[in-house]
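Me: Hi! Could you walk me through this one? I have a handful of quick questions.

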Amino acid sequence: MKKKINRYHFDRISSRMVQRFGSIKKGEEDSHFPLMFPMESNLLKLHREDEKRDSRRAIEAIHICLLTIDGYLTDTEYDLEPFISEENQALAEGLLMSFDPFSNEEIRTILKESKRLDSAEQLEAYYEEPVKCLLRIERSIEMWLKARGTDGYFQYIEDLMGDTVKTDTRMEYMVLGDMTEN
């Protein structure tokens, strides 16, 4: 049975995950770039496809991802239906494809072969980096949303890395630990 959540719990997942995993401090993003790049690249590709996938929908997508991860770790299936839209769902799927072995078959295959998801402790350790990156991206989106409006974040990452993000629709990903990028 799916666990129902309300708007308060949906919006508070970020602070719960900061308490559990910590966060990336401003200025310390460089060491997290190997995972942040595929995440932000996928978000940008999806925004280019449909501009309705804006900064607000990206924040919702991050909350969906964080609740999905929390569900994996606590063996809870959340009822996210009231919070899902076509736009935030596409962004959430793009984010999950960048790191999640339950969403990306290629990542799952690599991690199973290396026996890196055999226990609850390994699963929690695996998700630490993606959670921290999601939380950092959320803070960036919030800042650019205030500074430049609804498309502020996407204008920023287009300016910052747009020329390095391919124009195809293939979702990028990173297998954590191996630093195997694809």
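Predicted model: local features only at pLDDT ≥ 70, side-chain atom pairs only at ≥ 80, totals over all residues.

Me: At what angle do α2 and α4 pack, and how far apart are their axes?

Reply: The angle is about 150°, and the axes are 8 Å apart. Here α2 covers residues 33-49 and α4 covers residues 86-97. Angles over 145 degrees count as roughly antiparallel, so α2 is roughly antiparallel to α4.

Me: Which residues make that contact?

Reply: From α2 you have M39, N42, L43 and L46, and from α4 you have A90, L91, G94 and L95. Sorted by class, the contact of α2 with α4 has 6 nonpolar residues, 2 polar ones and no charged ones.

Me: Is C65 buried or exposed, then? And what about C133, buried or exposed?

Reply: C65 is buried, because its relative accessibility is 0%. C133 also has a relative accessibility of 0%, so C133 counts as buried.

Me: Where does D75 lie, and is D75 buried or exposed?

Reply: D75 lies in the loop between α3 (55-74) and β2 (78-79). With a relative accessibility of 74%, D75 counts as exposed.

Me: And what can you tell me about phi of K115?

Reply: K115 is a residue other than glycine with a positive phi, near 55°. You'll find K115 in the loop between α5 (105-113) and α6. K115 is exposed, its relative accessible area being 55%.

Me: Now α6. Where is R136, and in which helix?

Reply: R136 sits in helix α6.

Me: Is R136 buried or exposed?

Reply: R136 is buried, because its relative accessible area is 11% and the cut-off for buried is under 20%.

Me: What does R136 touch?

Reply: Leaving out residues up to four places away in sequence, R136 touches I24, K26, E29 and M36. R136 and S23 are 113 residues apart in sequence, with a C-alpha to C-alpha distance of 7.0 Å.

Me: What about A120, buried or exposed?

Reply: A120 is exposed, because its relative accessibility is 59%. A120 lies in helix α6, which runs over residues 120-148. The C-alpha atoms of A120 and Y72 are separated by 9.3 Å, although the two are 48 residues apart along the chain.

Me: Last one: which residues of α7 are buried?

Reply: In α7 (residues 152-161), the buried ones are G152, Y153, F154, I157 and M161. What covers the buried residues of α7 includes α2, α3 and α6.

Key:
Residues numbered from 1 in each chain as written. Heavy atoms only, no water. Helix = DSSP H or I, 4+ residues; strand = E, 2+ residues; numbered from the N terminus. Buried < 20%, exposed > 50% of the residue type's maximum accessible area, 1.4 Å probe, protein only. Axes fitted to C-alpha atoms, helices over the stretch in contact; angles between N-to-C directions. Parallel < 35°, antiparallel > 145°, perpendicular 65-115°, else oblique. Contact = heavy atoms within 4.5 Å. Nonpolar A, V, L, I, M, F, W, Y, C, P; charged D, E, K, R; others polar.
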